[in-house]
Amino acid sequence: MRNNEFEKALDEIVKELVKTRKEKGISHEKLTELSGLSRTAISYIESRKSTPSIITCMKLCKALDVKLSDLLDSAGHEHHSPNQPHITIAPAADVSGGG
């Protein structure tokens, strides 16, 4: 994927986070309490002034009681077209070597 495609995919993920927060009636202040992130960080992420790390996305998902895989799936399906990336999460393979 080209960098621009990653940015579009991330935009969709952030849109899904904002949509979920608003649907659940959770304010920035409450999300701060639930996620451990600062209100400024949340505001910057939602306005796309800052790019969240995967850890930050996971914290937000936990705070919003939504699975990251569901969020990614929603973001990928709602706006998928042949010219846009489709976001999927495959199950991790067992690489422990144990039986």
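This is a predicted model: local features need pLDDT of at least 70, side-chain atom pairs count only at pLDDT 80 or more; totals for chains, interfaces and linings use all residues.
Helices here are DSSP runs of H or I with at least four residues, numbered from the N terminus. By that count, R48 falls in the loop between α3 and α4.

**Entry 1: the α3–α4 loop**

I started with R48 because its phi is near 65 degrees, which is positive in a residue other than glycine, and its relative accessible area of 29% makes R48 partly exposed. I then looked at S50, which sits in that loop between α3 and α4 too. With a relative accessible area of 28%, S50 is also partly exposed. Leaving out residues up to four places away in sequence, I find S50 touching Y44 and I45.

**Entry 2: α2 against α4**

How are α2 and α4 oriented to each other? I looked up the pair: α2 (residues 28-35) packs on α4 (residues 54-64) at an angle of about 110 degrees, and the axes are 9 Å apart. Angles of 65 to 115 degrees count as roughly perpendicular, so α2 and α4 are roughly perpendicular to each other. On the α2 side, I list L31, L34 and S35 in the contact; α4 brings K59, L60, A63 and L64. Sorted by type, the contact residues come out as five nonpolar, one polar and one charged.

**Entry 3: the two sides of α4**

Which residues of α4 are buried? I get T56, C57, L60, C61, A63 and L64. They cover an arc of only 160 degrees around the axis, so they are on the same side of α4. I checked the other side of α4 as well, and there I54 and K62 are exposed.

**Entry 4: L60 and the core**

I followed L60 next. Ignoring its neighbours within four places in sequence, L60 is in contact with L17, L31, S35, L37, I42 and I45. L60 also turns up in the largest nonpolar core, which has 19 residues. The residues with the most contacts inside that core are I13, L17, L31, L60, L68 and L71. I see at least two core residues supplied by each of α1 (3-23), α3 (39-46), α4 and α5 (68-78). As background, nonpolar side chains tend to be buried together in soluble globular proteins.

**Entry 5: just past α4**

Where does D65 sit? I place D65 in the loop between α4 and α5, just after α4. D65 has a positive phi of about 55 degrees, although it is not a glycine. Is D65 buried or exposed? With a relative accessible area of 66%, D65 is exposed, the cut-off being over 50%.

Conventions:
Residues are numbered from 1 along each chain as its sequence is written. Side-chain values use heavy atoms; hydrogens and water are left out. Axes are lines fitted to C-alpha atoms, for helices over the stretch in contact, and angles run from 0 to 180 degrees between N-to-C directions. Angles under 35 degrees count as roughly parallel, over 145 as roughly antiparallel, 65 to 115 as roughly perpendicular and the rest as oblique. Contact means heavy atoms within 4.5 Å. Ala, Val, Leu, Ile, Met, Phe, Trp, Tyr, Cys and Pro count as nonpolar, Asp, Glu, Lys and Arg as charged, and the others, Gly among them, as polar. Buried means under 20% relative accessible area, exposed over 50%, partly exposed in between (1.4 Å probe, protein chains only). The arc is that of the directions from the helix axis to the C-beta atoms. A nonpolar core is a set of buried Ala, Val, Leu, Ile, Met, Phe, Trp, Tyr and Cys residues joined through side-chain atoms within 4.5 Å.
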